[in-house]
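Me: I would like to go through this structure by question and answer. Please start with the term that the first answer will rest on.

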Amino acid sequence: MITEIGAFMHKGEGLRLMNELHGDKKILGIYVEAGRTEDLFAFREFGSASENDIVTILVEARHATKIFDLVCSKMGLDSPQSGMVFQMPLHTQPA
Amino acid sequence: MSDRQITYLTDALIITCIVQASHADDVVKAAQNVGAQGATVTYARGTGVRERMGLMGVTIDEQKEMVRIIVSQEQSDRVFEAMYLAGELDKPGMGIMFMNKLDRIATYIPDEVLAEASAPKAKAKAKAKAAPKKRKTATRRPAKKVGK
């Protein structure tokens with residue numbers, strides 16, 4: 001079972017997170033995209049939107065919680081305007 | 001470090017919508033009109049339908065925009081429909097969208113919101129403590145009659 005962990009964060013933070021986590025043997029893959037967001041951050045460079053990074057991490061389900069919590073702590077989610085992390089399964093358990 | 005806590009949110013879905021470049025703003029606006037907080041948009045390049053449409057394919061932009069919106073379970077269908085209609089995804093080559101259930105989400109939640117959310121639980125606990133305990137009484141069930 002593979003799980004995807006996604007994270008929306010400030011511009012530039014994605015690359016930093018990728019550099020910190022890419023050596024972790026529990027992580028199967030880590031990717032960074034750049035985009036714009038309308039609701040996550042109060043600082044807006046472009047009208048109603050602000051630049052952000054989207055990090056996608058692929059990890060085995062048994063390690064997902066550990067990596068999820070690690071990403072949360074590295075992003076400093078206990079302070080406002082720091083982004084959002086989510087987790088979703090990439091395939092469902094057969095019935 | 002030990003006093004830091006992560007609050008997991010559940011019952012949420014992520015809607016991903018891939019549309020032609022410059023169509024994302026309309027889709028996001030439609031989603032916001034029906035209650036979505038906002039969206040994250042990235043640029044992408046996609047091919048496939050474009051090639052299969054023959055000469056008509058030249059009218060479809062290869063550059064795409066990918067819209068991601070996280071919504072609660074109850075508003076997901078409403079937001080999905082609004083985005084679908086705004087993106088005109090019922091027309092060929094306009095794009096595709098899908099929805100995935102999330103296991104959990106974590107983000108910053110202000111202390112007062114957390115306190116408010118946990119208040120009903122604490123109240124219920126206090127109420128249960130204050131209420132006098134009911135005495136358990138044994139009841140005897142009538143013996144089953146064995147059929148003839």
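Reply: A residue counts as buried under 20% relative accessible area, as exposed over 50%, and as partly exposed in between. The model in view is predicted.

Me: Is B:Glu62 buried, exposed or partly exposed?
Reply: The relative accessible area of B:Glu62 is 25%. Buried requires under 20% and exposed over 50%. B:Glu62 therefore falls in the class between, partly exposed.

Me: Which residue does B:Glu62 form a salt bridge with?
Reply: B:Glu62 sits in the loop between α2 (49-52) and β4 (63-72) of chain B, and the pair links distant parts of the chain, 17 residues apart. The partner belongs to strand β3 of chain B and is exposed, with a relative accessible area of 61%. The closest N and O atoms are 2.9 Å apart, and the partner is B:Arg45.

Me: How is chain B built, and what is its pattern along the sequence?
Reply: Chain B has 148 residues, of which 30% count as buried. Among its contacts between residues at least 6 apart in sequence, 76% join residues at least 24 apart. The chain holds 4 helices and 6 strands. Along the sequence they follow β-β-α-β-α-β-α-β-β-α.

Me: And in what order do the elements of chain A run?
Reply: Buried residues make up 46% of the 95 residues in chain A. Of the contacts with a separation of 6 or more, 66% are between residues 24 or more positions apart. Chain A comes to 2 helices and 4 strands. From the N terminus on, the order is β-α-β-β-α-β.

Me: How much area do chain A and chain B bury between them?
Reply: The contact takes 30 residues from chain A and 28 residues from chain B. In chain A, A:Arg36, A:Glu38 and A:Gln87 lose the most area to chain B, together 26% of what that side buries. Carbon and sulfur atoms carry 52% of the buried area, which comes to about 2,400 Å².

Me: How many salt bridges does the rule find across the interface of chain A and chain B?
Reply: Side chains of opposite charge can pair when their charged atoms come close. One case is A:Glu33 with B:Arg68, where the closest N and O atoms are 2.9 Å apart. Across the interface of chain A and chain B, the number of salt bridges is 3.

Me: Which elements give two or more residues to the side of chain A that touches chain B?
Reply: Across the interface there are 14 residue pairs in polar contact. The residues on the side of chain A divide into 14 nonpolar, 10 polar and 6 charged. The elements that give two or more residues are β2, β3 (50-60), α2 (64-75) and β4 (84-89) of chain A.

Me: With which strand of chain B does β2(A) pair?
Reply: A:Arg36 stands opposite B:Val41. The pairing is in the antiparallel sense over 3 bridges, and the partner is strand β3 (residues 40-45) of chain B.

Me: Which backbone oxygen does the side chain of A:Thr37 reach?
Reply: A:Thr37 is found in strand β2 (residues 27-37) of chain A. With a relative accessible area of 0%, A:Thr37 is buried. Its side chain comes to 3.3 Å from the backbone oxygen of B:Ala39.

Me: How far apart in space are A:Leu90 and A:Leu58?
Reply: A:Leu90 lies in the segment after β4 of chain A and is partly exposed at 42% relative accessibility. Leaving aside neighbours within four places in sequence, A:Leu90 is in contact with A:Ile2, A:Thr3, A:Glu4 and A:Leu58. A:Leu90 and A:Leu58 are 32 residues apart in sequence, and their C-alpha to C-alpha distance is 9.1 Å.

Technical notes: Residues numbered from 1 in each chain as written. Chains lettered and ligands numbered in written order. Predicted model: local features only at pLDDT ≥ 70, side-chain atom pairs only at ≥ 80, totals over all residues. Heavy atoms only, no water. Buried < 20%, exposed > 50% of the residue type's maximum accessible area, 1.4 Å probe, protein only. Polar contact = N/O pair within 3.5 Å; in protein donor to acceptor, adjacent residues only side chain to side chain. Contact = heavy atoms within 4.5 Å. Buried area = accessible area lost by both parts, 1.4 Å probe. Salt bridge = Lys/Arg side-chain N within 4 Å of Asp/Glu carboxyl O. Nonpolar A, V, L, I, M, F, W, Y, C, P; charged D, E, K, R; others polar. Pairing = 2+ DSSP bridges.
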